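Hi,

Here is the structure I promised to pass on.

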Amino acid sequence: MNRTIITTDTPVTTLELAIPEQPLHTLSVLVNNQPGVLARIAQVFARRGYNIESLVVSPAADGRFSRMTIGARGEESGLDQIKAQCNKLIDVIHCYDHTSDDIVSKELALVKISVGPDRRAEALQIGEHYGCKTLDLSQDSLILMVTGDSGKLDAMIDMMSDFGIIELVRTGKVVMTRGSGTT
Amino acid sequence: MIAEARDGAQTLLKCLEAGGIEYMFGYSGGAALPIFDALETAGTKIKFVLARHEQGAVHMADGYARATGRPAAVLVTSGPGAGNTITGIMTAHMDSIPMVVISGQQVTWMLGKDAFQEADIFGITMPIVKHSYLVKNTDDIPRITKEALHIATTGRPGPVLIDMPKNISQGVCNAPLEAEIDLPGYHPDVAYDVNEAEVIAIADAINRSKRPVILAGHGAMLAHAGPELKELAETCQIPVTSTLLGKGIFPESHELSLGMLGMHGTAYANKAICEADLIMSVGSRFDDRIIGQADKFGRNATIIHIDIDPAEIGKMIKPDLQAIGDAKVILTALNKHVTRLQTKDWLAHLDGYKKRFPLNYKKQGGLKMQHILDVMDQLTKSRAVVCTDVGQHQMWAAQFCKTEAPWDWISSGGAGTMGFGFPAAIGAQLGRPDDIVVAVVGDGGFQMTLFELSTAVLQKTPVKILILNNHFLGMVRQWQELFFDNRKSGVDLEGNPDFVKLAEAYGAKGFQIKRPADIEKVLTRALEYNDGPCVINCEVVQEDNVFPMIPAGAALEDMIIEKPKYRMEKPVGST
């Protein structure tokens, strides 16, 4: 995607040029399961000009709390501030940056590809390589489900783009620390 | 407890009262009707003050809290009533002022349907509150009220909003008044746990320093750390400078005091910071107004940051040493490990700066704001509660009104809210009825909230409203003169009313100062006038500039003491 930002005093630049240098961070935020909490978290990022790249929210083991797994790109110092500001919110139990921790990280994607009878077998074979499940099959399309770390999903999607991707839904990654670590 | 069934609104007032709320400032309206009715039926001791605008009400609660250290409540209706509180809540949030704001709201089944006077005030205020509630169940009121007061007043204080739909305040409350707090993510008590290793590391750094400076901020005030700060400064012989909001935490007449630092701070405070080998901030957040160019601030110094808010550590300045927690507790621990330092030469050096670059002004050449403030300070023996608005008069008041005790200086620092000073002074006077309260305002800011003259007259608050009237928005005009070739744009306040007649129209007393010779005589009379508020209109010289000055974004060493002969570059800093 090639989005263009134009400001009054800078020459035209593209986000594509600006973003790749910034590392992707994964934050895990345990919050009170209450209305408005997501908005409070989102504001902490938006106010400082940070884009949330992925976000997964679901009830935690203890039903009073929800778990948010947030992927965001940005400078270390800025994210430290975001983490501190998230921790400051009354509704936040804790906010951890797991970027450099020993974690398991998984994501799921549904990929609808444009493929007719002539190349179907080829597509399914590639899918099998990535451990995909076929969820839907029609005359000129099929839906594959792929799970794994985000890099694997990127690779699978790249391979499938050869057939033509009609729709793509990614959950965003969820993470959990290994062993005795707290997520 | 009242015999008959208690409704949500009555429950709310009982819980606020039990939580120590003495004053409630506000403005009525449809969605808040049940709560206003409860003021009559609940038998509450809370004193309600009807303001003339919701912004005024919030500033009054703010001024009350800044003068007493205790929170007040605000009660407004939904929609525009709640919307008018925004500037006030933001002002309180920026300066960490405790308060509880209660807004009426549409009935719950109409939420989100654009009902009459419905506004999503819960969403609108989210970035400017410490926390907020939208009450969905009448039985939650005791718990929410208790939590709101707890959150507002503990840790780093701040405003808390409770949005109260009308059917909730009107509904029957079956819950007992005493409720348990349920805040699993909020642990303000950790602020009182001292990390001994951090404290010893800081003490070692202090004991090794040759040219130390203490930078005292509002956090030290909020922690009531004045005595511990004084003990530290006197034991070690360390000079103390304060931020705008830290004024009073260390007596400014003290020989170790350097006064305020920063953009319009004293030359000697800024020079001390530039030359120090150790800067210890106690409860300041290294605001851009005091550090100037961040990467040049304290380049050659060991920087120590003591703050209750972990998010402030490293936000602006990366400290060499830090301690997170309550300033009073940390300083108490620190005082056990520090020794008397050999700072005689350093103090003598700074005294040299005090003599070379004193705060001064010329008494000739027209009526000067500085002259008026200087005389006012002398007449009140620096013991008045000074509430300022925002602009040139604010900076001169910070320079010339010496603040001797905590809670005697009230000013909108972080937000820089014009229209703050006068209503804040009303709140301060209600909280401190036996003290002299002076609202130092400009002609611009005063006109933003002057309608609260009605409130001040009705409450018989003897606030002295000192209007330093230069018929300009002086600070903006100063910047235009210095940085924009003196092109005056949007700063001429032609059409100002006759403030003396205006005061009289509201039933207040009016005084006039036109010449330097009038200052002492008129101020003496005004300070003695206690039958309600009085306005002292001072026709000061129109074009005067506040110095010293550090242009925004420039380093502290680039401070200018007087107007330069050359044309200055436009500042690159924040504003």
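Over all chains there are ten aromatic pairs, a pair being rings of Phe, Tyr or Trp (its six-membered ring) with centres within 6.5 Å; planes under 30 degrees apart are stacked, over 60 edge-to-face, the rest tilted. B:Phe511 and B:Tyr529 are edge-to-face, because their planes are at 75°, with the centres 6.3 Å apart. B:Phe511 is in strand E17 (residues 509-513) of chain B and B:Tyr529 in the loop between helix H23 (519-528) and strand E18 (534-539) of that chain, so this pair ties together parts 18 residues apart in sequence. Helices (H or I, at least four residues) and strands (E, at least two) are DSSP runs numbered from the N terminus.

This is a predicted model, so local features need pLDDT of at least 70 and side-chain atom pairs 80 or more, while totals for chains, interfaces and linings use all residues. Residues count from 1 along each chain as written, chains are lettered from A and ligands numbered from 1 in written order, and side-chain values use heavy atoms, without hydrogens and water.

Back to B:Phe511: it is buried at 5% relative accessible area (buried is under 20%, exposed over 50%, partly exposed in between; 1.4 Å probe, protein chains only). The charged end of B:Lys509 sits over its ring, 5.6 Å from the centre (NZ of Lys or CZ of Arg within 6 Å of the ring centre and within 35 degrees of the normal). B:Lys247 likewise lies over the face of B:Trp409, at 4.8 Å.

Elsewhere in chain B, ring pairs join B:Tyr23, B:Phe25 and B:Tyr64 into a cluster.

Cheers
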